Amino acid sequence: MASPNGKTIAVLDEGIGAYRQPDPDGMRRFVRDHKDRRLVDKRMTEQDAVSRFVDDGAYVSYDTNVWRRGPSSLMREVIRQRKRDLWLAAKFSTHDATLLTAGGCVSKIDVGWMEVGRVITEAMNAGRLKLYEWTNGALAYRHLAGALGVPFLPLRYVGGTDVFRNSGAKLIEDPYTGQSVCLVPAVNPDVALIHVNQCDMYGNARIFGPGLAPVETAMASKRVILSTEEIIDTEEIRKHPGATTLPYYLVDAVVHAPFGGYPGTVPGLYGADLQHLMEFGVAQAQGKMDEYLEKWVFSVSSHTEMLEKRVGLEKLNLLRAGETHTEGYYT
Amino acid sequence: MTAALTFTTNEAAIVYTSRMMEEDRLYFVAIGGPPLLAVLLSKQLHAPKIAYVVEDGTIAPEMPVPTPPFMIGTGLASSRAVAWTDMNTVDFHAGLGYLDYGVLAAVQVDQFGNFNSTFLGDDFDRPARRFGGPGGATEIAALCWRTILMTRLERRKFVKKLDFMSSPGFLDGSPGARERVGMPAETGPYRVVTERAVFGFDEETRRMTLLAVAPWSSVDDVLSEMEFVPLVAADLQSLAPPTEEELAMLRANIDPTGRTISGDWITLEEAGGRLRRVVAEPAASRA
């Protein structure tokens with residue numbers, strides 16, 4: 001790299017991990033040509049949203065995870081539609097990556113942290129799954145770079161570790177201070193799956209509670225699919241503009257999905273179904289993920305049908321009633 | 001002749017760590033597991049106003065006790081916080097130097113406090129055992145002023161060479177090693193806490209140094225559980241065993257489901273004014 005004064009910025013070291021070449025102008029062109037600036041009704045079914053906006057081979061980012069305010073109903077639809085060769089960003093993922101891998105959807109994962117059991121280990125050892133090492137923070141930060149429309153950002157960790165070695169980070173001499181600093185490349189996912197508390201039909205969305213990087217993830221991604229617990233009037237949005245987390249023009253699809261975070265919690269609304277999470281754990285330990293996926297994904301045609309036939313109103317009511325601590329969310 | 005006390009390996013490490021925590025410092029703790037329990041125990045017994053952040057962006061929460069089951073997957077874990085932000089924001093706060101201590105768990109640790117939470121084996125692509133990955137541990141260990149690591153004292157954990165260095169300690173121990181790869185100055189590992197020994201790091205050589213040993217253990221016992229040989233402090237301290245009060249609080253209120261505090265059982269008896277370990281039962285034999 002040559003700097004304007006003719007001096008060279010030294011790349012002192014770099015990792016061997018693969019990453020997609022950052023392309024800020026490509027992102028801008030995509031936004032110019034494909035993102036709607038009009039207020040248009042974006043409500044659609046989960047089938048339509050996933051079929052239109054999640055392609056085989058896509059880089060997929062999600063927020064948060066299947067334990068907590070995750071886009072679980074959308075992930076099940078991705079599995080149901082048998083999407084293939086996805087590249088996931090697992091920034092504090094839980095067993096989302098395992099579910100999608102068990103469904104045969106995933107070939108690469110950028111790892112910060114994720115729940116790992118037999119499914120991931122067996123897929124790696126069979127050569128079906130390649131992991132690239134990052135950290136939770138580095139992945140959130142790469143999304144920030146993508147959200148800022150810059151090709152990379154400097155950061156002050158990962159250097160010197162085997163994470164660095166297996167990532168796409170670089171170590172350079174900072175042209176301002178002369179000290180060493182790491183760089184990580186921006187990521188602009190093909191599609192983001194984000195579960196929100198409320199949004200209007202245009203995609204003006206509210207997220208309550210702490211999150212991983214919902215804003216950066218939505219801004220960085222070419223396509224954004226929201227699943228939402230509740231669709232509210234735009235008048236309500238306009239009365240409380242300070243409560244809006246994401247403005248409509250970032251969003252491509254709005255999927256109405258009450259209990260869309262199931263079996264995880266959406267804090268303030270309903271608790272996690274611990275029985276279901278145990279069933280998942282047991283299925284993985286016993287090598288019965290196919291049976292689990294058949295029961296919860298393939299044998300039902302939609303999220304609504306899964307709730308009706310596999311969960312039931314009684315359980316849903318219990319999960320709502322059990323979430324007694326609502327302070328800070330809807331109050 | 002005897003006053004028996006029984007606790008698990010994890011309970012001991014959590015108790016020792018909780019005793020180190022100070023109210024006038026800000027902690028960045030792993031979002032679940034022993035580090036979180038240590039700070040929760042400290043809030044109940046030693047430092048009620050202690051403030052901590054976790055990597056989902058929750059700042060200074062006050063989780064109710066008894067803690068909820070599966071606390072990481074509940075809204076209660078973030079309740080009564082002063083702010084709900086996001087991962088980048090709390091990492092920025094750490095990068096600015098606001099976070100005094102990071103508290104983390106490690107699978108393997110080496111003599112310079114570098115640690116592994118990624119995989120065991122010799123082939124990254126075909127791991128003998130794969131773990132979740134560093135999560136936020138790498139940024140926490142790089143950006144907080146001091147890092148406290150929690151693990152079990154076992155030869156397979158205190159290794160000469162890590163299978164994978166997920167997160168940085170003092171790297172190769174040479175002066176300025178962390179700064180040379182871009183980390184902030186004057187940061188690094190501070191303590192390594194186990195069920196029977198607490199270690200620090202030598203100012204000059206950056207080598208792990210045995211600071212304190214449980215009265216039912218000994219230097220020889222500790223060294224026999226380590227693949228590398230640490231330095232031993234001239235003024236070696238004795239680690240007071242967990243008290244009944246600490247154990248009761250931990251079991252009834254901090255981890256009532258027992259998921260995290262479970263571990264190998266250690267039973268101590270006092271004989272002739274000396275504590276000795278009379279039973280050590282592996283976790284698997286408890287049922």
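Tutor: Strand S14 of chain B is joined by four bridges to strand S15 (residues 231-238) of chain B, and the two run parallel. Strands here are DSSP runs of E with at least two residues, helices are runs of H or I with at least four, and both are numbered from the N terminus; two strands pair if DSSP finds at least two bridges between them. Within this pairing, B:Thr209 has B:Leu231 of S15(B) as its bridge partner.

Before going on, please note that this is a predicted model, in which local features need pLDDT of at least 70, side-chain atom pairs count only at pLDDT 80 or more, and totals for chains, interfaces and linings use all residues. Residues are numbered from 1 along each chain as its sequence is written, while chains are lettered from A and ligands numbered from 1 in the order in which they are written.

S14(B) also pairs with strand S13 (residues 197-201) of chain B, this time in the antiparallel sense and over five bridges. Here B:Phe201 stands opposite B:Met208 of S14(B). The hairpin formed by S13(B) and S14(B) has six residues between the strands, and B:Arg206 takes a positive phi near 65° in it.

How covered is S14(B)? The strand, residues 208-213, is mostly covered, with five of its six residues buried. A residue counts as buried if 20 or more other C-beta atoms lie within 10 Å of its own, as exposed if 12 or fewer do, and as partly exposed in between, with C-beta atoms placed from the backbone. As background, side chains in a regular strand alternate between the two faces of the sheet.

For a buried residue elsewhere, turn to chain A. A:Asn65 lies in the loop between strand S2 (59-63) and H3 of chain A. A:Asn65 counts as buried because it has 28 C-beta neighbours inside 10 Å. Leaving aside residues up to four places away in sequence, A:Asn65 touches A:Gly70, A:Phe92, A:Ser93, A:Thr94 and A:Asp96; contact is taken as C-beta atoms, placed from the backbone, lying within 7 Å. The C-alpha atoms of A:Asn65 and A:Arg128 are separated by 23 Å, and these residues are 63 residues apart along the chain.

Finally, the contact between the chains takes 49 residues from chain A and 49 residues from chain B. On the side of chain A that touches chain B, H6(A) gives the most, with five residues.

Conventions. Two residues are in contact if their C-beta atoms, placed from the backbone, lie within 7 Å.
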